[in-house]
Amino acid sequence: MTVLGVVALCLSFPACHKVSDGKNNSPAIVGTWFVKAPEAPFQYHMFIFNSDGTMQQTNPDAGDPNTSDSNGMGVWLPDGDRIKGKFVEVTADRATRQFVSRGEISFSITVNGNDFNGTASAIFYDAKGLRLRGPLPATLEGQRVVP
């Protein structure tokens, strides 16, 4: 029964539908990527896109000497010939260890083989959900990590 429930859920979730890259049955975005976002406080990131429509983002938090941010966790789905998605990260004050903000970073990218290009927009919220700053635009350039 559990297996049938998972299959039914996957069939109803758009990110589970395969978009073939011509090499295998995985969506073209699935994999690990070295990403450059020149407008970000620290421009180099790692993104992982999973076949189930989830993704992770990480980068050294050295971009801001006053705050520390978590890894980003998010979702993605195909949107025509593009991939759109959003990840969320939490920021804390380094001195007080208190919550500073929740960052929501939306993106839209186009995959071309082992490269992708696109844009992102970041909005930051306080603990009550009130906007602190943004939208802050950024460009994204990704290169697939290959063995």
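Predicted model: local features only at pLDDT ≥ 70, side-chain atom pairs only at ≥ 80, totals over all residues.
Residues are numbered from 1 along each chain as its sequence is written, and side-chain values use heavy atoms, with hydrogens and water left out.

**Confidence and overall build**

- The mean pLDDT of the protein chain is 87, with 83% of its residues at 70 or more; pLDDT is the predictor's confidence in each residue, from 0 to 100.
- Please take care with residues 1–22, where pLDDT stays under 50 and the model has 24 contacts beyond four places in sequence (a contact means heavy atoms within 4.5 Å).
- Of the 147 residues in the protein chain, 29% are buried (buried is under 20% relative accessible area, exposed over 50%, and partly exposed in between, with a 1.4 Å probe and protein chains only).
- Among contacts with a separation of 6 or more, 39% link residues 24 or more positions apart.

**The largest pocket**

- The largest pocket holds about 570 Å³ of space.
- Its lining counts 32 residues, of which Ala40, Pro41, Glu89, Ala122 and Phe124 are the closest to the centre.
- For the method, a pocket is an open set of points on a 1 Å grid over the protein atoms alone, where a 1.4 Å probe fits, with protein on both sides within 12 Å along at least five of seven lines; lining residues have an atom within 4 Å of a point.
- Grid points are joined across faces, edges and corners, and the volume is the space filled by probe spheres set on the points.
- At least two lining residues come from each of strand 2, strand 4 (67–69), strand 6 (82–93), strand 7 (99–112), strand 8 (115–125) and strand 9 (131–144).
- Strand 9 contributes the most to this lining, with five residues.
- By type, the lining has 18 nonpolar, eight polar and six charged residues (Ala, Val, Leu, Ile, Met, Phe, Trp, Tyr, Cys and Pro are nonpolar, Asp, Glu, Lys and Arg charged, and the others, Gly among them, polar).

**Histidine 45, in strand 2**

- Histidine 45 sits in strand 2 (residues 44–49) and is buried because its relative accessible area is 11%.
- Its side chain reaches the backbone oxygen of phenylalanine 42 at 3.0 Å.
- A polar contact of 2.9 Å also links the side chains of histidine 45 and glutamine 57 (a pair of N or O atoms within 3.5 Å; within protein, one must be able to donate a hydrogen and the other to accept it, and residues adjacent in sequence count only if both atoms are side-chain atoms).
- Beyond four places in sequence, the contacts of histidine 45 include Trp33, Phe34, Val35 and Thr58.

**Two residues of strand 7**

- Glutamate 104 lies in strand 7 and counts as buried because its relative accessibility is 17%.
- The side chain of glutamate 104 makes a polar contact of 2.9 Å with that of arginine 102.
- Beyond four places in sequence, glutamate 104 touches residues including Lys86, Phe87, Ser121 and Tyr125.
- Valine 111 is in strand 7 and is partly exposed, with a relative accessible area of 21%.
- Valine 111 and alanine 28 are 83 residues apart in sequence, yet 6.8 Å apart in space from C-alpha to C-alpha.
- Other contacts of valine 111 include Ile29, Trp33, Ile83, Phe116 and Arg144.

Methods. Helix = DSSP H or I, 4+ residues; strand = E, 2+ residues; numbered from the N terminus.
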